[in-house]
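Please look through the sequence and the model before reading the sections below.

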Amino acid sequence: MRLFCLLLLCGLCRPLSAQIIDEPGEYGIDWGGYLFGIRGGASLGTQDWSSFETEVNLGYHGDLFLESIPAEGRFGFWGLLGYHQRGSRLKRQRAFTFQGNPVILPADDFVFNNLSVAVGGKQVVSYFGTADLYYIIGVRAEYNLSTNLGNYDQLASYGGFIRNAYPFDSYEFINRFTYGATVGGGAVVALTEGIGGFIELTAQPDFSFQYKQGPINNVIDPYGGGNTTIGERAIRNFTVELSIGLRLLRKWRYID
């Protein structure tokens with residue numbers, strides 16, 4: 001898995017290595033340029049919610065990116081702006097009222113729709129046939145645009161004890177701003193003289209909480225009777241993303 005990530009992410013750094021290396025003159029003096037493009041794909045999100053059994057949730061993402069031409073064809077810097085879904089899926093989707101009647105859940109997942117900004121560096125590690133293999137590492141900052149937690153407000157019709165068991169659609173608990181890291185790898189191939197195609201795999205752990213809620217006391221226990229406490233929920237995102245994209249090369253020559 002680690003090797004595959006490295007191979008995938010490296011393509012961002014060096015999609016058109018042959019053209020860059022063969023360019024006559026010295027970069028920054030005789031000629032200049034940059035790389036830019038678009039990427040998107042599937043996101044596999046996980047979270048650890050207390051009192052819930054969760055599993056991987058399938059989402060999606062899309063980015064616009066800009067990167068420097070790698071120095072000596074090996075190392076470069078990158079930045080991106082995009083939309084990323086974070087979250088997880090409920091493993092057990094059944095709940096019951098006091099009377100034993102089934103509760104129909106309005107959703108089976110917890111989804112956070114985030115605007116993401118990231119910067120970092122990338123390093124080409126190998127040339128494999130027509131592909132450049134690379135790894136990347138960077139830092140991210142994200143802003144939450146919306147969630148689907150409001151769907152669970154419908155559970156209030158079953159009683160407060162059912163609704164309180166699920167997360168709340170409130171920015172008292174949802175953190176607008178989160179931050180984390182991006183690491184991975186990829187492979188990029190030249191499609192034409194100025195266009196490269198790439199595939200990459202990244203792991204994106206968050207360092208801050210997406211949702212943080214203190215314990216809720218004196219909640220009626222629908223199963224054992226009496227009162228109970230819903231424990232603290234401090235939730236971090238972890239997402240694995242598989243992306244494909246196009247990278248374009250913009251070059252110019254300096255003329256005295």
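## Terms and basis

Two strands are said to pair if DSSP finds at least two bridges between them. Strands themselves are DSSP runs of E with at least two residues, numbered from the N terminus.

The model is predicted: local features need pLDDT of at least 70, side-chain atom pairs count only at pLDDT 80 or more, and totals for chains, interfaces and linings use all residues. Residues are numbered from 1 along each chain as its sequence is written, and side-chain values use heavy atoms, with hydrogens and water left out.

## Strand S4 and its partners

Strand S4 covers residues 75–90 and runs antiparallel to strand S7, residues 109–128, to which 15 bridges join it. Within this pairing, Gln 85 has Asn 113 of S7 as its bridge partner.

Strand S2, residues 54–55, is antiparallel to S4 and connected to it by two bridges; here Glu 55 has Arg 89 as its bridge partner in S4. Strand S3, residues 57–68, is likewise antiparallel to S4, with seven bridges between them, and Leu 64 stands opposite Leu 81 of S4.

S7 pairs in turn with strand S8, residues 131–147, through 16 bridges in an antiparallel arrangement. Asn 113, the bridge partner of Gln 85, stands opposite Ser 146 in S8. S7 and S8 form a hairpin with two residues between them, and Gly 129 in the turn has a positive phi of about 65°.

In a regular strand the side chains alternate between the two faces of the sheet.

## Salt bridges

A salt bridge is counted where a side-chain nitrogen of Lys or Arg lies within 4 Å of a carboxyl oxygen of Asp or Glu. The structure holds twelve salt bridges. One of them is formed by the side chains of Glu 241 and Arg 39, at 3.9 Å from N to O. This pair links distant parts of the chain, with Glu 241 in strand S15 and Arg 39 in strand S1 (residues 31–46), 202 residues apart. For accessibility, buried means under 20% relative accessible area, exposed means over 50%, and partly exposed lies in between, with a 1.4 Å probe and protein chains only. Glu 241 counts as buried because its relative accessibility is 0%, and Arg 39 counts as buried because its value is 6%.

Arg 89 and Asp 108 also meet through their side chains in a salt bridge, at 2.7 Å from N to O. This pair too links distant parts of the chain: Arg 89 belongs to S4, whereas Asp 108 is in the loop between strand S6 (102–103) and S7, 19 residues apart. Arg 89 is partly exposed, with a relative accessible area of 23%, and Asp 108 is partly exposed at 25%.

Which side chain meets that of Arg 140 in a salt bridge of 2.8 Å, N to O? The partner is Glu 142. Arg 140 is buried, with a relative accessible area of 5%, and Glu 142 is buried at 2%. Salt bridges that share partners join Arg 39, Asp 63, Arg 86, Arg 140, Glu 142, Glu 200, Asp 206 and Glu 241 into one network.

## Leu 249 in strand S15

Strand S15, residues 238–253, contains Leu 249. Leu 249 counts as buried because its relative accessibility is 15%. Its C-alpha atom is separated by 6.3 Å from that of Ile 195, a residue 54 residues apart from Leu 249 along the chain.

Methods: Helix = DSSP H or I, 4+ residues; strand = E, 2+ residues; numbered from the N terminus.
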